[in-house]
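Student: I've got this one open in the viewer and I'd like a close look at a single part. Could you walk me through how the helices pack and how the chains meet?

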Amino acid sequence: MQASSQIPHDVSYLDYKGKYKGLLAWILSTDHKRIALLYMFSIMTMFFVGVCLGLAMKLELIAPGKTIMGAQDYNAVFTVHGVIMIFMIVIPGLPAVFGNFLLPLMIGAKDVAFPKLNLFSWYLYIAGAILVISSVLFGDGSPDTGWTFYAPYSFRTGTNMLPAIFGAFVLGFSSILTGLNFIVTIHRLRAPGMTWTKMPLFPWTLYGTAWIQLLATPVVGITLVLVSLERIFGIGVFDPALGGDPILYQHLFWIYSHPAVYIMILPAMGAISEVIPTFSQKHVFGYKAIVASTLAIAFVGYFVWGHHMFTSGMSGTAQYTFSILTFLVAIPSAIKVFNWISTMYKGSIALETPFFWAMSFIFVFMIGGLSGLVLGALATDVYVHDTAFVVAHFHFIVFGGVGFSFFAAIHYWFPKMFGRMYDKTWANVGWIVFFIGFLALYTPMFYLGMQGMPRRYYDYLEQFHSANILSTLGSWVMTFGLAIIVINLFRSAKSGAIAPENPWNGKTLEWTVPSPPPVENFDDIPVYGEKDGPYEY
Amino acid sequence: MYILASTQASNFVSGVDRAFLIILGICFFFLIGLTLTMVYFIYRYNRKKNPIATQITGSNTLEVVWTVIPTILVLIMFYYGWAGWKPMKTAPDDAFEIDVIARMWNFTFEYDNGRKTDTLFVPLNKPVKLNLNSMDVIHSLYIPAYRVKEDVVPGKEKFMWFIPEKEGTFELFCTEYCGLQHSYMYNWVKAVPQDEFDKWYTDTTAKVASATVDSPTAAGKRIMTNIGCFACHTVDGNKLVGPTFKGLYGHEVTVKAGGETKTVVADDEYIKNSILDPNSEIVDGYNKGLMQSYQGQLSDTEISQIIEYLKSLK
């Protein structure tokens, strides 16, 4: 921190001219806010690719038989769509973009604990992304195993698996290091007087997430190393032909990948927990209950992975144990929803874009969560497991949950990040078009699953046709809404009205610094007194 | 509710559908109730109507209420899920057993008397136990009308069972992604009354109910249909995962064996070797490792019938 005296206090992080110029000033910057934007633009680029693949899939499914591509291409498309969306967008999404930007600001710190490590994490992200993309562009065909890389199919396919697996491994390290960084930051760098019970809820969810990233991600790392060793040297860990156990692979994969769902959804819940009090101008309802439910989800979330494997051949005891644990993990999520809605009670609600996103988040999250109960119960899971029902469920949670929260967050913190306001009318139009498209795209899949249509089907029987048409039409509407949202935000970042320091009258610390914030955030580190708190209106 | 309209054809349907309806009922109650509450709050407490918010920080009573009630509800849902699933785990001892062989990309059903089919024939109102075997990767056998599904895992002895309660033909899908032709890996279940089943089962002249003539070529075609050859090989000259059978017999084929490329003639010996040891010689332009050996699954007579059929594909 020796250099801090030379950095002017009135220059925003966007305008600051340091040692380097142009692009280098960004990709060599250790400022948490610039790294956040680096993540944002890389994630947006990957998201664009993922959306195009998703559209291609939906277009292929508009009619039975071949529409625009063959089965091999379709299988590659849903694999790469899944890998990109999960490992490069939803897992890093909120923590890497909004966590990086806001965590230090919200707890009154000048940066994260290890700024260089933070930049290194972004480089790992880029390296992992390049590896995955290279598996598509070079070698003997794109990976075609699904994002789950299930053994033994993943050993048998002739496609280019190794770069994709290694890419996911590298992306995992990016995630682990970000988690480590956030844990230390939250423990060591909170402003004086900000006790644990005065920390805002978004940092609390980042804290829960960071522990999952740190403890669960190494498991998938080990698994992917074993898969690589098996592919290269033929050691028999998973392949039954070599004496291995394919079910072991599924256990190891889901021990990480189920907690990973909570890596995705916890920060999304955190962002919603910030948006609702601000736009209701009211103290959040049940602060301690929300914190406790966050930690409960992070903890119980480790013990439910077996619900992905109810038909794979676990013992009956394992099956009903995982079933009951799955039902228990639903309760803290329900508690959060009850507290969010109660926060609105007797509030003074401003109908702004972030609030619309938060409301629609609660709606789609409820559908996603409640449909999860169908999948947690043994009898019903056996019926709809590996059908379109599951695809609908996780898109409601992962895209509905994380995606809607991401858009709530970007519309909420946009003025702080870019120092400009966005066009509210276009933002609202984008929201409603997107919302309608989203429901039309994914709701029919619940119906298809209950009709018995298996997932990952390139071609289907005639009775599944009409619901698939609606789903494809929905994908077009949703993409149109997405285009409105993105274009509006880009235009506004360049030429929107200048944003004030605190446009929404929020009470958390990020609203006490100028928009956009200066390089070192706070001239003087803020101090929390007895009466201060993140939601004291 | 769709679930009530979908085909219900086995002993497990009532348990599964009851769990479904109870869970969906609770879900819809909460979804609609909470959404309406939210919309009402937005209307009642929006800034125009309520310019000043009343600060409320929480209520321990409410937190306890909305922890305890959902806990009771999820335990109820767990119970019905468990109750509908429990009977699937134990097959009765007197069940009629059928071996299922799953491979990329076909299911074959083998009966105790040696009969093999690609359509699963089952007798009505009698417990049927399927012993699940996979020759290559993980598949999953799913019969929506029976509400049953079980993964078919290579190297694991697994089973599923059910009592067909409705006469008719139902879909049977593979629901574990297994590669290129995954979406074409579906067959049919045909549930028929016991006497009709017995007639089919004991009838040795026509091995498939529909096939009445059993010339050597017809026999070969039938065997190949039942063991799933046509999932990967066509008879019309089109290229799938494997080369076409059209015009194969007696013609020259370029193959790769142990790193060297050579030309061989597709004679009886070549075809037999390709069935029993498919990865020793790979036709140029195709991938190794996709086809598994049929060693021990076909008799010499059956192989010669297959060869007779291939001869007819000029």
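**Helix packing and the chain contact**

Tutor: Let's start with the layout of chain B, which is divided into domain 1 (2-89), domain 2 (96-202) and domain 3 (216-311). Keep in mind that this is a predicted model. The C-alpha centres of domain 1 of chain B and domain 3 of chain B are 56 Å apart.

Now zoom in on helix α2 (residues 13-44) of chain B and helix α3 (residues 60-85) of chain B, whose axes are 8 Å apart and which pack at an angle of about 165 degrees. Since angles over 145 degrees count as roughly antiparallel, that angle makes α2(B) roughly antiparallel to α3(B). The crossing of these two, α2(B) and α3(B), is left-handed. On the α2(B) side the contact is made by G15(B), V16(B), R18(B), A19(B), I22(B), I23(B) and I26(B). On the α3(B) side you'll find L73(B), M77(B), Y80(B), G81(B), A83(B) and G84(B). Sorted by class, the contact of α2(B) with α3(B) has nine nonpolar, three polar and one charged residues.

Chain A has a pair to set beside that one. The axes of α15(A) and helix α16 (residues 465-495) of chain A come within 7 Å and cross at roughly 155 degrees, and that makes α15(A) roughly antiparallel to α16(A). Here, too, α15(A) passes α16(A) in a left-handed crossing. The contact of α15(A) with α16(A) has 22 nonpolar, seven polar and no charged residues.

Next, the place where the chains meet: 72 residues of chain A are in contact with 74 residues of chain B. On the side of chain A that touches chain B, several helices each supply at least two residues, among them α3 (71-90), α9 (246-280), α12 (353-376) and α15 (424-451) of chain A. The largest share of that side, 13 residues, comes from α11(A). By class, the side of chain A that touches chain B has 45 nonpolar, 21 polar and six charged residues.

While we're on α11, pick out P332(A), which has its place in helix α11 of chain A. Is P332(A) buried or exposed? A residue counts as buried if 20 or more other C-beta atoms lie within 10 Å of its own; P332(A) has 23 other C-beta atoms within 10 Å, so P332(A) is buried. Leaving aside neighbours within four places in sequence, P332(A) is in contact with S293(A), A296(A) and I297(A). For one more distance to check, the C-alpha atoms of P332(A) and V291(A) are separated by 9.9 Å, with the two residues 41 residues apart along the chain.

Definitions and conventions:
Residues numbered from 1 in each chain as written. Chains lettered and ligands numbered in written order. Predicted model: local features only at pLDDT ≥ 70, side-chain atom pairs only at ≥ 80, totals over all residues. Contact = placed C-beta atoms within 7 Å. Helix = DSSP H or I, 4+ residues; strand = E, 2+ residues; numbered from the N terminus. Nonpolar A, V, L, I, M, F, W, Y, C, P; charged D, E, K, R; others polar. Axes fitted to C-alpha atoms, helices over the stretch in contact; angles between N-to-C directions. Parallel < 35°, antiparallel > 145°, perpendicular 65-115°, else oblique. Left-handed = near helix turned anticlockwise from the far one by under 90°. Domains from an automatic or database assignment. Buried ≥ 20, exposed ≤ 12 C-beta atoms within 10 Å, placed from the backbone.
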